[in-house]
Amino acid sequence: MSPAPHAPLFVREMGLPARFGVYVLLCLFLLGLDARYSALSGVRAGLNTLLHPLQAVLAQPWAWTQDVSGFFVTHGELAAENVRLKEERDRLRADFLDRQALAAENANLRDLLALAHHPGVIPVVGEIRETVADPFSRKVIIDRGSAHGLEAGWPVVDAAGLVGQVTRVYPWTAEVTLLTDRDQAAPVQNMRNGLRLIVSGQGSDNLLEIRFLDMHADLQPGDWLYTSGIDGVYPAGIPVARVMQTEPPRHTPFARAVCRPLGGVGNYRHVAVLKPRLPPQAPPVPAPRPPPGHAPR
Amino acid sequence: MPRAEPPAEKPLLPQGAELAPPPTRLKVYGSLALSLAATLLPWSDDLHWLVPDFTLMALLYWNIHAPRLAGLGMAFTLGLVTDVARGVLMGLNALAFCAATFVILLVQRRLEGFDAPRQSLQVAPVLLGKEALVLTLGLMLGLGEADWRWLAAGVVAGVLWMPLAWLVDRLTGRPSRPPVPLP
């Protein structure tokens with residue numbers, strides 16, 4: 001063990017303010033680089049890979065205590081849960097029969113209308129490991145990453161509806177930005193009349209909003225909003241939100257509506273990432289030629 | 001006429017056992033790694049905004065007592081690691097750590113002679129200021145609305161400084177009284 005270095009007799013380095021200035025400039029440079037361009041994603045992924053085993057080891061005692069407390073459940077709790085599960089099974093069975101009938105009817109109607117089928121997606125189920133400790137955003141970390149084939153941009157759903165979108169992918173984990181994040185938005189369609197809208201988060205845990213709504217838009221409290229599928233990110237037909245109230249314009253030419261998300265954005269432990277099933281390669285469309293004899297203006 | 005002898009029971013400089021042994025690299029780097037691990041623990045969501053930044057507290061402690069071992073470079077490195085672990089913009093915590101280190105190094109000579117309670121009065125504003133700086137930088141960079149509850153982490157850190165610094169003082173063999181009695 002070597003002793004601590006002594007203060008040098010003759011100082012041959014920059015003064016404290018100068019060194020501080022250099023570090024501040026370096027930090028601001030990094031901040032700008034990371035905020036405007038994603039140039040640092042490689043560095044971040046590397047450091048995260050180094051930190052990941054450490055975090056897993058630190059979380060292990062918590063998991064053990066939960067295992068132990070889960071072992072000592074009483075007979076009464078088990079019996080009550082058994083009854084509840086039986087009721088739920090009966091209910092689900094009835095629902096399932098309904099759903100089969102509805103699906104058959106729906107397929108018929110779609111064929112009648114000659115509509116394109118729902119684009120294929122493969123769900124990848126992951127477990128939420130932790131929420132990101134950041135006062136500015138609503139994000140969670142799931143235990144599926146690029147090793148499982150995930151890519152940034154894919155939608156994340158739960159059993160009830162849309163939850164968010166994969167925004168950063170690390171080797172064994174991925175960061176999911178929830179729908180309630182301020183910067184997150186989803187194109188939706190009103191189920192009642194097909195009105196296309198954009199729903200965005202407002203930084204609150206269980207509210208979404210529709211900004212810049214047309215003053216005369218036909219939107220009422222109680223309307224169901226589904227993804228419209230026109231952005232190419234979210235497949236069509238995922239339930240997103242239910243309108244709670246609409247606010248007439250004040251000080252601005254636009255109205256505003258507040259909605260409640262249908263998916264358990266902050267609730268569940270398991271979510272499904274929708275992996276797009278690759279479409280068959282379409283031949284490249286040739287660029288349209290200008291008609292002959294038509295001089296460019 | 002003999003000159004008056006200075007009073008022998010009040011030496012001007014600390015003598016013998018009163019001097020603390022210099023901190024070793026193992027103690028400094030080990031405690032920094034431990035505190036970083038403490039911030040990486042899976043804290044509950046409801047408590048996240050109350051958990052103080054143990055990394056910064058350990059860093060400032062060693063800035064006071066071993067400034068040659070933990071300086072601006074260490075602050076920058078630990079800040080970047082914290083940024084990655086929290087998933088925020090690279091350089092946000094690094095900048096805040098460097099600023100806190102700079103302020104502490106400016107007054108390091110004075111803080112070195114103080115005991116833990118007197119230190120805590122002067123270090124607490126720096127710990128609170130770091131949280132405020134992170135939130136303000138986030139606002140300036142357009143990360144959205146700041147959650148000002150997170151300032152509570154700075155207050156908790158300031159309150160915890162006294163017992164934790166006292167504990168580390170005892171563990172590293174520092175004398176319990178300030179070496180130079182105040183006039």
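Helices (H or I, at least four residues) and strands (E, at least two) are taken as DSSP runs and numbered from the N terminus. On this basis chain B has seven helices and zero strands, and its elements run α-α-α-α-α-α-α from the N terminus on. Residues are numbered from 1 along each chain as its sequence is written, and chains are lettered from A and ligands numbered from 1 in the order in which they are written. The model is predicted, and local features need pLDDT of at least 70, side-chain atom pairs count only at pLDDT 80 or more, and totals for chains, interfaces and linings use all residues.

The model scores ipTM 0.81 and pTM 0.60. The pLDDT, which is the predictor's confidence in each residue on a scale from 0 to 100, averages 83 in chain B, where 84% of the residues score at least 70. Within chain B, confidence is lowest in helix H5 (residues 108–112), with a mean of 86, and highest in helix H4 (residues 92–106), at 93.

A residue is counted as buried if 20 or more other C-beta atoms lie within 10 Å of its own, as exposed if 12 or fewer do, and as partly exposed in between, with C-beta atoms placed from the backbone. By this criterion 39% of the 183 residues of chain B are buried. Two residues are in contact if their C-beta atoms, placed from the backbone, lie within 7 Å. Among contacts in chain B between residues at least 6 apart in sequence, 66% join residues at least 24 apart.

Helix H7 of chain B comprises the 21 residues 151–171. The expected span of a helix is 1.5 Å times one less than its number of residues; for H7(B) this gives 30 Å, which agrees with the 30 Å between its end C-alpha atoms. After H7(B) comes B:Gly173, whose phi is positive, near 75 degrees.

Chain A contains strands that close into barrels; two strands pair if DSSP finds at least two bridges between them. In one barrel, six strands follow the order S1-S2-S5-S4-S3-S12 with antiparallel pairing. Neighbouring strands of this sheet are turned by 45 degrees against each other on average, direction ignored, where axes are lines fitted to C-alpha atoms, for helices over the stretch in contact, and angles run from 0 to 180 degrees between N-to-C directions. Seven bridges join S1(A) (residues 121–131) to S12(A) (residues 270–276), and A:Val121 stands opposite A:Pro276.

Another six strands close into a barrel in the order S6-S7-S8-S11-S10-S9 (chain A), again with antiparallel pairing. In this sheet neighbouring strands are turned by 40 degrees against each other on average, direction ignored. S6(A) (residues 185–190) pairs with S7(A) over five bridges, and A:Ala186 has A:Val199 as its bridge partner. Two bridges connect S7(A) (residues 196–201) with S8(A) (residues 208–213), and A:Ser200 stands opposite A:Glu209. Their hairpin has six residues between the strands, and A:Gly203 takes a positive phi near 85 degrees there. S8(A) also pairs over four bridges with S11(A) (residues 255–261), where A:Glu209 stands opposite A:Val258.
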